[in-house]
Amino acid sequence: MTTKEQVLMTLVAHTGTWLSGDQLAQQIGRSRESVWKAINALKKQGHQIESRKNRGYCYQGSQQLDATAIQIHGQHQFPGLIEVVSETASTQLLAKEFLSQHPAQIAAFLADQQTAGYGRQGRHFYSPANTGLYLSVVIPNPTQALANVGLLTTGISVSVLTVLQQFYPTKDFQLKWVNDIYLDHHKVGGIITEASLELESSSTMAFIVGIGLNLTTTDFPQELRTRAQAVDTTVAVDRNQLAAALLAEVVALSKRYTSADFLPAYRAKSAVLGKQVTLQVGRQVVTGLAEDIDAYGGLVLRLPSGDHQTFTSGEVVKVGVEA
C-alpha cells in the first residue's frame, strides 16, 4: 500500500480518536513528513481530518466517495475491484463494459453523479452530484442458470433496506413491489437487476445489480417532486461506510438468494400487501387486491372476479387504501 493508503487505514480504524504525528509514523513505519503529506492529500480528496497542535489528527469521515476508504470500511472483504468515478453516464454501463472484458469477475462501480442513470424499462433515475449513492455490482453466476432470478431483485431489496435501517434507525422504510424503496409514501431508492446472456448457450454469465439512493437530495425536477424525496436532508452519512455495508450485504445475498429466506422480511415491509393496486404489465393494466408475495417473489392479486393471478413482471403504478 502507498503511504496515503496506510495513513487512511490507520485513521479510519481509529475514527474519532486523536493520533499524534509520531504515533501515525510509528504505526505505519514512515517519516512524520510523509504522514503530513499524506494527510494533506487526503484532505484535498474530501476526507475530514481535524488537526490540532499537541493533539495530532482525528478522522471525522468523508463525504467524498473513495475506493480505498470503502475497502477499509468493509475490512477488505469485498473480493473484487472497486472503482469510483466523479461522473459517468451510468454505473450500469461501466459494469457492462467491465463484464465484456472480465466475464467471471466480481466488481463494483460507484459514481458521485450520473448523467444518464436508469432504472427498470429504461426510465431515467435522477442522480445529481454528491447527494446520493449510485452503484452497480457485477455478480458472476456460477450455475449460469436463470432459474429463480426473480428472487435476486427481491432479496437485494431486503438487503438494501436492512442496511438503510442500520444507518437511519428511526426511519420506517417500505418496499414497493418489486424494486423500489419508499419512505413516507415517497420513493427514496430503486434497484435494477440485469442479466448478461451468453446467446449461443442461452445461459446467464453474470448479473449486474444497480442501486440508486436519494440520500440528501433536495432539488428534484418538477415532475418528481410529488413522488420522490431524500432519505434525510439533515443527516449526511459517510457514503463510504454506507457503500461498504451495501456491498457486503449484496455479496452475501447473492450466495443464498435461491433459498428465499428473506421473503418474510420482504412481506413485512411491503407497501402494497393488503391494498388495492393497479399493475401495468406491458400495455395491459390490471387492478386487484395485493394478497401475497409468492415463493418466487411474484405478486399475487385477487382480481375483481374473485380469481387469483400471480405476476412476475410489471410495475405497480397506483396503491390504494387497505381493503
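1. Ser 90 and its surroundings. A polar atom of the Ser 90 side chain lies 3.1 Å from the backbone nitrogen of Gln 92. (A polar contact is a pair of N or O atoms within 3.5 Å; within protein, one must be able to donate a hydrogen and the other to accept it, and residues adjacent in sequence count only if both atoms are side-chain atoms.) Ser 90 sits in the loop between strand 4 (81-85) and helix 5 (91-101). Helices (H or I, at least four residues) and strands (E, at least two) are DSSP runs, numbered from the N terminus. Ser 90 counts as buried because its relative accessibility is 1%. Buried means under 20% relative accessible area, exposed over 50%, partly exposed in between (1.4 Å probe, protein chains only). Leaving out residues up to four places away in sequence, Ser 90 touches Gln 114, Ala 116, Gly 117 and Tyr 118; contact means heavy atoms within 4.5 Å.

2. Basis. This is a predicted model: local features need pLDDT of at least 70, side-chain atom pairs count only at pLDDT 80 or more, and totals for chains, interfaces and linings use all residues. Residues are numbered from 1 along each chain as its sequence is written, and side-chain values use heavy atoms, with hydrogens and water left out.

3. Strands pair if DSSP finds at least two bridges between them. Strand 2 and strand 3 run antiparallel and are joined by six bridges. Ile 49 has Tyr 59 in strand 3 as its bridge partner.

4. Ile 70. This residue is in helix 4. Ile 70 is buried, at 2% relative accessible area. Its C-alpha atom is 8.6 Å from that of Arg 239, 169 residues apart along the chain. Beyond four places in sequence, Ile 70 touches residues including Ile 82, Val 84, Leu 110 and Leu 247.

5. An aromatic pair. Which two rings have their centres 5.9 Å apart? They belong to Tyr 126 and Phe 220; their planes are at 50°, so the pair is tilted. (Rings of Phe, Tyr and Trp, its six-membered ring, pair if their centres lie within 6.5 Å; planes under 30 degrees apart count as stacked, over 60 as edge-to-face and the rest as tilted.) Tyr 126 is partly exposed at 23%, whereas Phe 220 is buried at 6%.
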